[in-house]
Amino acid sequence: MKSDLSLFNITNYRAKFVNDLKYQVKNNPKKYQLEIAREVESLFIQILLKSMRNSLTQDNLLDSNQSRLYTEVYDQQISKEMTSKGIGLTKIILQQIQQKKSHK
């Protein structure tokens, strides 16, 4: 059960990090808006990867809490790598942040 909690904590940590960045964007938008856009894209990709993995059958001998934890960490690293190259979501999120700031 402890490993399940660790999986939950990894995802929660990333969500909390995005939330913290959101508040930093309010205080200093020019400095943090690109970082928040990249992090949101990375989190989106990680959730997408996790959903794809969950759709696979998990009836094998290697399925355990520990293997799920390592898979979660691996998916997080893949999502960061994919975000460094970009899938286009960062640009859209950045435009939304800038648009919201210009309406205030």
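Biologist: Which helix gives the most to the nonpolar patch?

Modeller: Before the answer, two remarks on the source: this is a predicted model, in which local features need pLDDT of at least 70 and side-chain atom pairs count only at pLDDT 80 or more, while totals for chains, interfaces and linings use all residues. Residues are numbered from 1 along each chain as its sequence is written, and side-chain values use heavy atoms, with hydrogens and water left out.
A patch is made of residues with over 30% relative accessible area and no salt bridge, like charges being joined within 9 Å and nonpolar side chains (Val, Leu, Ile, Met, Phe, Trp, Tyr) within 5 Å; a salt bridge is a side-chain nitrogen of Lys or Arg within 4 Å of a carboxyl oxygen of Asp or Glu. Here Phe 44, Leu 48, Met 52, Met 82 and Ile 87 make a nonpolar surface patch of about 460 Å², with accessible areas taken from the Shrake-Rupley method with a 1.4 Å probe, only the protein chains shown counting as cover for residues. The helix that gives the most to the patch is α2, with three residues.

Biologist: Where is Ile 87 found, and how is its accessibility classed?

Modeller: Buried means under 20% relative accessible area, exposed over 50%, and partly exposed in between (1.4 Å probe, protein chains only). Ile 87 is found in the loop between α3 (65–85) and α4, and at 47% relative accessibility it counts as partly exposed.

Biologist: How many helices and strands are there in the protein chain?

Modeller: Helices (H or I, at least four residues) and strands (E, at least two) are DSSP runs, numbered from the N terminus. By that reading the protein chain has four helices and zero strands, in the pattern α-α-α-α along the sequence.

Biologist: Which residues form the largest nonpolar core?

Modeller: A nonpolar core is a set of buried Ala, Val, Leu, Ile, Met, Phe, Trp, Tyr and Cys residues joined through side-chain atoms within 4.5 Å. The largest one has 10 residues, namely Val 18, Leu 21, Val 25, Tyr 32, Ile 36, Ala 37, Leu 43, Ile 93, Leu 94 and Ile 97. The elements giving two or more residues to this core are α1 (2–27), α2 and α4 (89–103), and α2 gives the most, with four residues. Over the 104 residues of the protein chain, buried residues make up 28%.

Biologist: How many salt bridges does a search of the whole structure find, and why does the pair of Glu 72 and Lys 50 tie together parts apart in sequence?

Modeller: Side chains of opposite charge can pair when their charged atoms come close. The search finds three salt bridges, one of them between Glu 72 and Lys 50, whose closest N and O atoms are 3.9 Å apart. Glu 72 lies in helix α3 and Lys 50 in helix α2, so this pair ties together parts that are 22 residues apart in sequence. Glu 72 counts as buried at 6% relative accessibility, whereas Lys 50, at 34%, counts as partly exposed.
Arg 53 forms a salt bridge with Asp 75, at 2.8 Å between the closest N and O atoms; Arg 53 lies in helix α2 and Asp 75 in helix α3.
Glu 81 and Lys 85 meet in a salt bridge through their side chains (2.7 Å, N to O), and, being four residues apart in helix α3, they are separated by about one helical turn.
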